[in-house]
Amino acid sequence: MERYARQWVFPGIGREGQEKILAARVVVLGCGALGCSSSMALARAGVGHLTLVDRDFPELNNLNRQILFDEADVAARIPKAVAAARRLAQINSSIRLDPVVADVNPANILSILSGADVVVDGTDNLDTRYLLNDAAAKLRIPWVYGGAIAAGGMWMTFRPGRGPCFRCLFPYRPGAGVGETCETAGVLGGLPMAVGGMQAVEVMRLLVGEETVGGRLVSLDGWKGTVAQVDVGRLRARDCPTCRGEYEFLEGKHGNRAELLLCGNTVQILQARAQPVQLDELAARLAPLGEVENNGFLVRFVPEDGIEMVVFADGRTLVCGTSDLAKARSLHAQYVGA
Ligand SMILES: [Zn+2]
């Protein structure tokens with residue numbers, strides 16, 4: 001309790017609030033820039049149980065903003081969820097940390113979120129955010145949206161049954177996702193640190209039972225140094241499927257493709273019936289065919305110049321260096337197996 005003294009001495013938290021924080025379970029969905037910043041603040045705040053979910057491993061160009069990772073994590077391709085949990089354990093050894101290396105999808109999101117008091121949105125794409133919105137509504141778990149790009153950021157807390165949901169405010173339009181991304185617009189590291197920090201504050205306000213949380217979308221222009229907030233508490237949409245209990249994303253109605261083109265010239269391949277992969281066995285089988293590395297969490301394989309395949313233990317495969325879905329599928333069939 002003493003290590004949190006500078007926190008509970010603040011009247012909004014108090015000793016009673018700190019007890020609630022210590023007893024809480026928070027799921028951080030995505031360990032990119034927002035997930036790193038928010039989970040670091042939450043671990044330091046003493047959130048008793050943090051589940052860290054991410055499908056990826058860190059790259060050098062992530063380090064300007066993803067504050068839980070270092071060059072050694074990049075070199076060893078330690079999955080972000082695992083590297084984050086290791087770093088947070090060094091920061092606070094008294095909390096429970098569960099890394100989950102997985103792609104969040106309609107088949108697994110309910111079990112990942114089940115039992116959480118709050119979910120932090122650290123996702124990097126709209127489809128996963130709509131999926132989170134559906135799952136949180138169904139499980140009636142509040143969640144804290146966050147976004148940061150270029151020199152701007154925004155955040156808002158959504159509380160199922162109180163005010164609008166994410167889809168009420170941003171109705172889904174098929175073909176979405178053509179907007180700017182961190183690849184095209186860049187992102188200054190301080191922005192996701194600010195937004196992730198505020199997401200963590202929102203989580204703490206929820207955990208201590210602060211009534212006024214939610215209903216306001218706050219946006220920050222870091223370059224101009226301005227903050228704006230919009231009161232959206234009454235903007236619940238009458239025709240919002242999620243608010244009517246029609247969870248289209250959870251039911252996989254908006255695409256749950258086996259192959260998915262990710263940012264940065266990479267194709268992700270998910271198998272319909274994902275079989276866990278024996279990484280040692282796979283690495284041994286691929287060894288005569290090209291450059292292979294196995295770090296215990298994933299196998300990296302270079303089948304040809306300019307192409308790199310990464311196979312995770314859950315059977316998911318990334319084919320980096322191509323945006324050709326058919327080529328990626330054929331490499332996967334050839335080396336990993338259908
Ligand atoms: Zn809604």
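How many bridges join strand S1 to strand S2, and do these strands run parallel or antiparallel? Here are some friendly notes to read beside the structure.

1. Residues are numbered from 1 along each chain as its sequence is written. The model is predicted, so local features need pLDDT of at least 70 and side-chain atom pairs count only at pLDDT 80 or more, while totals for chains, interfaces and linings use all residues.

2. Five bridges join S1 (residues 25-29) to S2 (residues 49-54), and the two run parallel. Strands here are DSSP runs (E, at least two residues), as are helices (H or I, at least four), numbered from the N terminus. Leucine 29 stands opposite valine 53 in S2.

3. Eight strands form an open sheet with mixed pairing, in the order S3-S2-S1-S4-S5-S6-S7-S8. Two strands pair if DSSP finds at least two bridges between them. At the edges, S3 (96-101) and S8 (226-231) each pair on one side only.

4. Helix H3 (residues 33-45) packs on this sheet, touching S1, S2, S4 (118-121) and S5 (143-149). Contact requires C-beta atoms, placed from the backbone, within 7 Å. The direction of H3 makes about 170° with that of S2; such angles run from 0 to 180 degrees between N-to-C directions, with axes fitted to C-alpha atoms, for helices over the stretch in contact.

5. H3 also packs with helix H10 (residues 190-207), at an angle of about 45° and with axes 7 Å apart. The two are therefore oblique to each other, the class left after under 35 degrees (roughly parallel), over 145 (roughly antiparallel) and 65 to 115 (roughly perpendicular).

Terms used:
Two residues are in contact if their C-beta atoms, placed from the backbone, lie within 7 Å.
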